[in-house]
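Hi there,

I'm passing a structure over to you, with some notes on what turned up in it. Have a look, then read on below.

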2 protein chains.
Amino acid sequence: MSTRQGKYTVKLDNAPSIVGFAALGSKRESEGPMAQYIDILNADSMFGQTTWEKAESQMQRQVAECAINKANLSTQGIDYVLAGDLLNQCIGSHYGMREMDIPFIGLYGACSTLAEGLGLGAVLVETGAARTVMTVTSSHFCSAEKQYRFPLAYGGVRAPTSQWTVTGAGAAVLGKGSMPPYVRAVSFGSIEDKGVKDLNNMGAAMAPAAAQTLQRYFEDTLTNQDNYDLILTGDLSLVGSDLMQSLMMREGYDLSGKHADCGLMIYDRDTQPVEAGGSGCGCSAAVVCSYIAQSIREGKLQNVLFVGTGALMSPVSVQQGESIPCIAHLVHLSATPV
Amino acid sequence: MSTRQGKYTVKLDNAPSIVGFAALGSKRESEGPMAQYIDILNADSMFGQTTWEKAESQMQRQVAECAINKANLSTQGIDYVLAGDLLNQCIGSHYGMREMDIPFIGLYGACSTLAEGLGLGAVLVETGAARTVMTVTSSHFCSAEKQYRFPLAYGGVRAPTSQWTVTGAGAAVLGKGSMPPYVRAVSFGSIEDKGVKDLNNMGAAMAPAAAQTLQRYFEDTLTNQDNYDLILTGDLSLVGSDLMQSLMMREGYDLSGKHADCGLMIYDRDTQPVEAGGSGCGCSAAVVCSYIAQSIREGKLQNVLFVGTGALMSPVSVQQGESIPCIAHLVHLSATPV
């Protein structure tokens, strides 16, 4: 039974389990701190394909198959796949999942897609609408740069606030298992737009959305940061993380020592040239579906609030003078079902 | 309680009600057979905005406000909005819904978006995860042509199999009401790709997906076309409708006299230059959220299977030689909850 808690939160009384999870990365990810936890590492960023877009589809295919295997299931055992990515018309997901013959529910949440998929998937499983659901997402540095910014061959100088799109993917299979992590609550965010127009500072644009969703969740559940081991944002990276912590502090929530960001975890900013950190759907997907899920399964982390962050603009909307609407979805991941 | 029925179908035991619905169209839609049922008709396809993309956002805003009003609710009374459109990164929805402060679940289902949103929304309401959900979608002839095909000023000749993207939108508010239409069952489709590569023949590409979802639903529910007043596809139009009927006939289902297609209903092909018919997210949205919902509410239609169809390619994937992956989602709309 799903129970509404407060205005924005759904409590999952029979918390679904993430029965299988897998992560994938390419060369730069293999040189970062998460490498040892990532299932599939391939230094060939083409993944054997002829275009970056086809490479991204291949990444989704591989990470999905790995997660299904790790869940000891077959594609026939999955009721729905919930997937999306950053590419126009989400072609990473559509071509990646095309041959699987699993009923497909297409999402668009930009870099918040993993959180959106985990949240929706958990609700579908908990309520009996599905027995098993998989959520998958990806990003690819080259397909994203080409689509959102400049041709790669242009070799544009990167701003210090800019983030490096992760070439990575993650998949999670949700079911009625008894293996942690469990998804105990979900809080979908509203679109928040504070007027930031700088495509090279997505962290600053997304921080208010993350703060809003987190604050609403704390108010709904009468909890605060002390009730959790970790408040994990998706891809705010350096600039956005500082801003988010400041916004929360202003509301009376001191996140120091409790907050981490997947964009700051996946790369080592001291040794890797990623400016403010990582970003992309694959950023939080590769971190949550590896190190985070594994740490919860092993009991090293008990309660994690994962706040997936997404920037919902397009190059066209920005060229037309629009600011960047952002969103953040929250899932409570736990080592115990209650 | 949601009950799985067969392999692909979810039966909604306490069928949610479409408590409010609204449709919007522009000039060509105002000259078609559905005009008298459409709430908002505006011959200015800019809808007072400076770009086609901003016009599309404005269309979503207007149709959503109309549906909320017709449901006697305010934005505060809506738990979630499920929205998406055809534009890159779904900017029609993101900018359209930006000011509403309703938790936003972003979808990408191409022209199947209304069916996807009705299906997911109905499940969320029925299971108690939400009390009230709104689903919204749109398409705009000019923003779609510009993005998918040619600059409008190019004045390209249109193939006889091509379809005319509807400048239209639709919104439906789902809740626990006692007003028809009710959503009694949902069947999400798998991605189906039979190798069609012709961007000017989307109906043919989508027909196999529609046939597959419909056949699976019939098998799951042990019903056939005789149990329904109408089998309504989203935007197969002339070529795709014929093909879908042939595919179903081959499986033993004779849909003659039972099948209609929103792409053939929204325009009059004898007097309007729309080639094979209408298409776009706004096509089925403008027909289902006007004439169809109204006819069910008035008892003129009792049981309708709405099969929303979508083509999941992008211009980039087609330029790279890929065929067109397609999808169809089915919802059973009824004048009675059981």
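B:Glu322 is buried, at 17% relative accessible area; here buried means under 20% relative accessible area, exposed means over 50%, and partly exposed is in between, using a 1.4 Å probe and protein chains only. Before going further: this is a predicted model, where local features need pLDDT of at least 70 and side-chain atom pairs count only at pLDDT 80 or more, while totals for chains, interfaces and linings use all residues. Residues are numbered from 1 along each chain as its sequence is written, chains are lettered from A and ligands numbered from 1 in the order in which they are written, and side-chain values use heavy atoms, with hydrogens and water left out.

So what does B:Glu322 pair with? Its side chain forms a salt bridge with that of A:Arg98, at 3.3 Å from N to O. (A salt bridge is a side-chain nitrogen of Lys or Arg within 4 Å of a carboxyl oxygen of Asp or Glu.) B:Glu322 sits in the loop between α10 (315-319) and β15 (326-334) of chain B, and A:Arg98 in the loop between α3 (91-96) and β6 (104-106) of chain A, so this pair joins two chains. Helices (H or I, at least four residues) and strands (E, at least two) are DSSP runs, numbered from the N terminus. A:Arg98 is buried too, at 14%. Both residues belong to a salt-bridge network that also takes in A:Glu99 and B:Asp193.

Over all chains, the count of salt bridges is 30.

- B:Arg98 and B:Glu99 meet at 3.1 Å, N to O. B:Arg98 is buried at 15%, whereas B:Glu99 is exposed at 55%.
- B:Arg158 and B:Glu275 meet at 2.9 Å, N to O. B:Arg158 lies in the loop between α5 (141-148) and β8 (164-165), and B:Glu275 in the loop between α8 (262-265) and β13 (278-279), so the pair ties together parts that are 117 residues apart in sequence. B:Arg158 is partly exposed at 23%, and B:Glu275 is partly exposed at 24%.

One helix is worth a look as well. In chain A, α6 (residues 202-221) has 20 residues and should span 28 Å at 1.5 Å a residue; its end C-alpha atoms are 29 Å apart, which agrees. (The expected span is 1.5 Å times one less than the number of residues.) Is α6(A) mostly covered or uncovered? Mostly covered: 19 of its 20 residues are buried. After α6(A) comes A:Leu222, with a positive phi near 55°.

Cheers

Note on methods. Expected span 1.5 Å × (residues − 1).
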